[in-house]
Amino acid sequence: QRRLRALGRVVAEEGKLEDVSLKLRGWVRSLAFSAVGDRVLQGQILFQIYGPELEAAQQEYLQALRAAERARGSAAPERADALVRAARQRLLRWDIASSDLDALAARGELRAELPIRSPVSGFVVEKQVAVGSSFEPGARLLRIAPLGRVWVEAAIYEADLPDVAVGQSAHVELAHLHGEPFEARVQWIYP
């Protein structure tokens, strides 16, 4: 096998980028990462948000919990439980983590802001959010690339094309990883 040097870039596997967008209107109070390129872990807090809808939903959830507690000694405690489930489900649909709702219930008080957690482990590859910025429902705030499997796009000299074929194995060395080789396979060659 011939050793070819090529310029290239590493990109996330197509279709595997994870967009972080919310289903409510609000404001970002704080960020838990600093820049594009930062690594995030699944479940890690990305940022804290505030919004009137979120505050109202928290109030509803806490009131339902209090009502359920009062109803425990009544003849129909299950009616209050249905309200708790509905209020909790609303917050879960807005991507508030179950663990954060459990903490809210244990605390029993409204929180000024709630955390949004990373849906996957990976790297922040796009950031459309800053502290104090507002967001609308459906707006993409972040894009995270889970870089467990990536594509390497390589540019090789025309004279080296006869030495490259689809299906051929390749060893890829990335300078920032001090030459540690990765096994790869040629998937496609541009016409």
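This note walks through some features of a predicted model, point by point.

1. Start with the second largest pocket. About 170 Å³ of space lies in this pocket. Two elements each give two or more residues to its lining: β2 (18–21) and β6 (114–117). Strand β2 gives the most, with 3 residues. The lining also includes Gln 42, Asp 95 and Ala 97. Ser 118 and Pro 119 are among the lining residues too.

2. What kinds of residue line the second largest pocket? The lining divides into 5 nonpolar, 3 polar and 3 charged residues. Among the lining residues are Asp 19, Asp 95 and Arg 117. Keep these names in mind. Each returns below.

3. **Asp 95, in a loop.** Asp 95 sits in the loop between α2 (77–93) and α3 (98–107). Its phi is near 70°, a positive value in a residue other than glycine. Most residues other than glycine have a negative phi.

4. **Salt bridges: the count.** How many salt bridges does a search of the whole structure find? The search finds 11.

5. **Helix α1 to helix α2.** The side chains of Glu 60 and Arg 90 meet in a salt bridge, at 3.1 Å from N to O. Glu 60 lies in helix α1 (residues 52–71) and Arg 90 in helix α2, so the pair ties together parts that are 30 residues apart in sequence. Glu 60 is partly exposed, at 35% relative accessible area. Arg 90 is also partly exposed, at 29%.

6. **Helix α2 to helix α3.** Arg 88 and Asp 102 form a salt bridge through their side chains (2.9 Å, N to O). Arg 88 belongs to helix α2 and Asp 102 to helix α3, so this pair ties together parts 14 residues apart in sequence. Why does Arg 88 count as buried? Its relative accessibility is 19%, and buried means under 20%. Asp 102 is partly exposed, with a relative accessible area of 43%.

7. **Strand β6 to helix α3.** A salt bridge also joins the side chains of Arg 117 and Asp 100 (2.8 Å, N to O). The pair links distant parts of the chain: Arg 117 is in strand β6, Asp 100 is in helix α3, and they are 17 residues apart. Arg 117 is partly exposed, with a relative accessible area of 26%. Asp 100 is buried, at 6%.

8. **More on helix α3.** Ser 98 lies in helix α3. Ser 98 is partly exposed, with a relative accessible area of 37%. Leu 104 counts as buried, at 0% relative accessibility. Gln 58 is 46 residues from Leu 104 along the chain, and their C-alpha atoms are separated by 8.4 Å.

9. **Phe 47, in strand β5.** Where is Phe 47? Its place is in strand β5 (residues 45–50). Phe 47 is buried, with a relative accessible area of 0%. The C-alpha atoms of Phe 47 and Ala 130 are separated by 9.4 Å, while the two residues are 83 apart along the chain.

10. **A nonpolar patch on the surface.** Which residues form a nonpolar patch on the surface? Leu 147, Val 150 and Val 152 do, with about 190 Å² of accessible area together. Val 152 lies in strand β10 (residues 150–155). Val 152 is partly exposed, with a relative accessible area of 41%.

Methods
Residues are numbered from 1 along each chain as its sequence is written. This is a predicted model: local features need pLDDT of at least 70, side-chain atom pairs count only at pLDDT 80 or more; totals for chains, interfaces and linings use all residues. Side-chain values use heavy atoms; hydrogens and water are left out. On a 1 Å grid over the protein atoms alone, a cavity is a set of points where a 1.4 Å probe fits but cannot get out, and a pocket is an open set with protein on both sides within 12 Å along at least five of seven lines; lining residues have an atom within 4 Å of a point. Grid points are joined across faces, edges and corners, and a volume is the space filled by probe spheres set on the points. Helices (H or I, at least four residues) and strands (E, at least two) are DSSP runs, numbered from the N terminus. Ala, Val, Leu, Ile, Met, Phe, Trp, Tyr, Cys and Pro count as nonpolar, Asp, Glu, Lys and Arg as charged, and the others, Gly among them, as polar. Patches are made of residues with over 30% relative accessible area and no salt bridge: like charges are joined within 9 Å, nonpolar side chains (Val, Leu, Ile, Met, Phe, Trp, Tyr) within 5 Å. Accessible areas come from the Shrake-Rupley method with a 1.4 Å probe; for residues, only the protein chains shown count as cover. A salt bridge is a side-chain nitrogen of Lys or Arg within 4 Å of a carboxyl oxygen of Asp or Glu. Buried means under 20% relative accessible area, exposed over 50%, partly exposed in between (1.4 Å probe, protein chains only).
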